[in-house]
Amino acid sequence: KSKDTDKAFEKAEQNKSVLLLEAAKSERAYQLGNLPDSLVRQEQNLIKKRDKLQAKLLEKRPETEKDSLRGLLNNVNQNLSDFVANVEKKFPKYAAFKYKNVDVKAADIQKLLDDKTALLEYVIGDSVLYIFYLDKKQLHITEQAIGNKKLSQEIKQLHEALSNYSDLAKNPEEAYKHYTSSAHWCYQNLVAPVLKNAQGIEQFIIVTDGKLGHLPFEAFLVEAAPAAESSYANLHYLLQDYRISYNYSA
């Protein structure tokens, strides 16, 4: 199981690293290599298909369904391999700049962490949220049975509660309830499940996924808000327990 968790983390990190590298260098690569827009779009579509299939394979599914997904993934990988080979031949400058292997292992990241820092990396599936917990000595994966619809609802509610200033002014009590309920839900479902592993940890590095990137983890509530009052100053925020920073990938 430990080896499977290592492989799952490496695959998740590889996908996030690819996105980070693309964000950092794609524009320059296009300029250097004069890659036509049609090929740019083809490359992006292939990568999206590959990443979606890999995410589905992480979920609990019947083995027959996984075999079918593996077949589709093999086809996409072959198409991507053919695409890269064609680009390397016709646009060598672009290929030299763009296609560098991303090979990050959990043990490599652990060497960079100090004893009081842990990394939380998230992967959103269709019906499961995967949370990788990584510190100096251990790597764990936690599966949260949260559907995309529910996750989107909670993210939207928390985002609106923090940004809808007119609602805060007109309906302060309702705004308080919306914020505190969503902020506590986020803590319970996105952070609390991994805290049993976080003994002696004082700082989290958060690597989000997709829509989770819209959430300020600092504002999550460790405890439910008291029903008898509506003072934001008296709430127990995650930021009071841990220093928090963010990154695109480990």
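Is lysine 60 buried or exposed? With a relative accessible area of 72%, lysine 60 is exposed (over 50%; buried is under 20% and partly exposed lies in between, with a 1.4 Å probe and protein chains only). The model is predicted, so local features need pLDDT of at least 70 and side-chain atom pairs count only at pLDDT 80 or more, whereas totals for chains, interfaces and linings use all residues. Residues are numbered from 1 along each chain as its sequence is written, and side-chain values use heavy atoms, with hydrogens and water left out.

Across the whole structure, the search returns 11 salt bridges, each defined as a side-chain nitrogen of Lys or Arg within 4 Å of a carboxyl oxygen of Asp or Glu. One of them pairs lysine 60 with glutamate 143, with 4.0 Å between the closest N and O atoms. Because glutamate 143 sits in strand 3 (residues 139-144) and lysine 60 in the loop between helix 2 (37-58) and helix 3 (63-90), this pair ties together parts that are 83 residues apart in sequence. Helices (H or I, at least four residues) and strands (E, at least two) are DSSP runs numbered from the N terminus. Glutamate 143 is partly exposed, at 38% relative accessibility.

A second pair to look at is arginine 70 with glutamate 63, at 3.0 Å from N to O. Arginine 70 is partly exposed at 34%, and glutamate 63 is partly exposed at 48%.

Within helix 6 (residues 148-163), glutamate 154 and lysine 150 lie 4 residues apart, about one turn of the helix. Their salt bridge has its closest N and O atoms 2.7 Å apart. Here glutamate 154 is buried at 10%, while lysine 150 is partly exposed at 35%. Elsewhere, salt bridges with shared partners join Glu59, Arg61, Glu65 and Asp126 into one network.
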